[in-house]
Amino acid sequence: KVMQADMRWTIFLMVIIGLLGCQENFDMRLERETSDFTRKHCPQRKDGYTTLDSMTYQSADRTIVFWYSLDNLENSGLSDRELVKQETVLRDYLIQGLRADTKWRHCMDKNINFKYVYNATDSSSPLISILLTKEDYL
């Protein structure tokens, strides 16, 4: 009977450990959710010049990355160089938007970083890359 009780206890512990092991942690959840969002909602046209191509999560540095492409810039009156000069304005705009959007509150509470990468459609290198950390958005 002692052996049976020990065996039951061992099986019970193995089931609990198995169930706990199956739960995804916050980083795994963000990886899954950003991947799902990209698959279901991207590309997503934001305005006449900007398209959200994808969203990824980099668990190593706990960063959600928004990958944008910019096209038709010649019609906006802004050259690539002029756009880069506006990086401070864009940064302030992104900070205000992040603070105002309640759907990101849980991520901000967990000190997740947010990175915005803007590529011209005719270039492989980013025009602008902006990293926002908790020091920026809190």
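I am working on a predicted model, in which local features need pLDDT of at least 70, side-chain atom pairs count only at pLDDT 80 or more, and totals for chains, interfaces and linings use all residues. Residues are numbered from 1 along each chain as its sequence is written, and side-chain values use heavy atoms, leaving out hydrogens and water.

I took helices (H or I, at least four residues) and strands (E, at least two) as DSSP runs, numbered from the N terminus.

**Sheet.** I noted an open sheet of five strands with mixed pairing, in the order β1-β2-β3-β4-β5. Strands count as paired if DSSP finds at least two bridges between them. The edge strands, β1 (44-45) and β5 (126-132), each pair on one side only. I found β2 and β3 antiparallel and joined by eight bridges.

**Ser69.** I located Ser69 in strand β3, and it is buried at a relative accessible area of 10%. Its side chain makes a polar contact of 3.0 Å with that of Asp53; such a contact is a pair of N or O atoms within 3.5 Å, where within protein one must be able to donate a hydrogen and the other to accept it, and residues adjacent in sequence count only if both atoms are side-chain atoms.

Definitions and conventions. Buried < 20%, exposed > 50% of the residue type's maximum accessible area, 1.4 Å probe, protein only.
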